[in-house]
Amino acid sequence: MSSTPVNPLKLLALAVCLCVLSCIFFTGGAEVAETVYFLPKDNVDIAKNPDRDYLIVGFSQPIPEEYIEALQPDLVYLPNYVDGDTMAVEKAAYLAFTRLQWDLRNKYGINVALYDGYRTVADQQWLIESGLATYTTGQPGYSEHHTGLLLDIIVEVGEYYYSELAVLTDESVPEEVKSSTAFNTLHEILPDYGFIIRYPKGKESYTGIAYNPSEIRFVGSKEVAHAIMDNNLCLEEYISTLTP
Ligand SMILES: [Zn+2]
């Protein structure tokens, strides 16, 4: 290797840590969602209705325990790309992700991988207790990872996989990685597979979370995803436009 070798494990660990740590709770905004919203799986009639399925998790209230128990996401288990440990993703989200992954590889030559998805309340508690997550996308019970629909992704650029957040925030990431267009391509095609960037730039006052392009959220259909991404909305804004 001619250039300075970069330890891939270090990078991957960094990607994970940054994902967790970057989920910084923004306190400046007054419009942070204070409600738990639900998005039905059939995508026909999206409404603020706790009897329905999927959801935005607000920051001022956790997912109701009975929801977690009663609507345990239908999970698919797979090895985490980073360390091979078992991780889980909600089934429909996983199927959509595999289509995205396949097309990215075969049409664009880009490899994308998953390193986190579903987390139990205990998982989230562990992240916090282990010091990985002092300020996170959620205290236990408040994290959208509890839905299994929020996926943390990494993209192969050159020799290694990177979270886009690491690329944006870590100065030690090589310039050729920072200038890669792989992430742009990913952003462009995400909605075609029903995914959005969950914490977009400039929407911190709504989401309560710092910009984090490494966290993608399955919203059930490409129509919903396009309605959000094409109009530069975040999920909170989109849902607020719908008639209850
Ligand atoms: Zn995450």
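Which residues of α9 are buried? In this predicted model, the chain contains ten helices and nine strands. Of its 244 residues, 43% are buried. Among contacts with a separation of 6 or more, 65% are accounted for by residues 24 or more positions apart.

Helix α9 spans residues 222–229, and its buried residues are Val224, Ala225, Ile228 and Met229. Viewed down the axis of α9, these buried residues fall within an arc of 120°, so they line one face of the helix. An α-helix has 3.6 residues a turn, so residues three or four places apart point the same way. The partners against which the buried residues of α9 pack are the strand β8 (195–199) and the helix α10.

The loop between α9 and α10 (235–240) includes Asp230. This residue counts as exposed because Asp230 has 9 C-beta neighbours inside 10 Å, the cut-off for an exposed residue being 12 or fewer. Asp230 and Pro191 lie 39 residues apart along the chain, and their C-alpha atoms are separated by 8.7 Å.

Asn232 is also located in the loop between α9 and α10. With 11 C-beta neighbours inside 10 Å, Asn232 is likewise classed as exposed. The backbone of Asn232 has a phi near 55°, a positive value in a residue other than glycine. Most residues other than glycine have a negative phi.

Methods: Residues numbered from 1 in each chain as written. Predicted model: local features only at pLDDT ≥ 70, side-chain atom pairs only at ≥ 80, totals over all residues. Helix = DSSP H or I, 4+ residues; strand = E, 2+ residues; numbered from the N terminus. Buried ≥ 20, exposed ≤ 12 C-beta atoms within 10 Å, placed from the backbone. Contact = placed C-beta atoms within 7 Å. Arc of directions from axis to C-beta.
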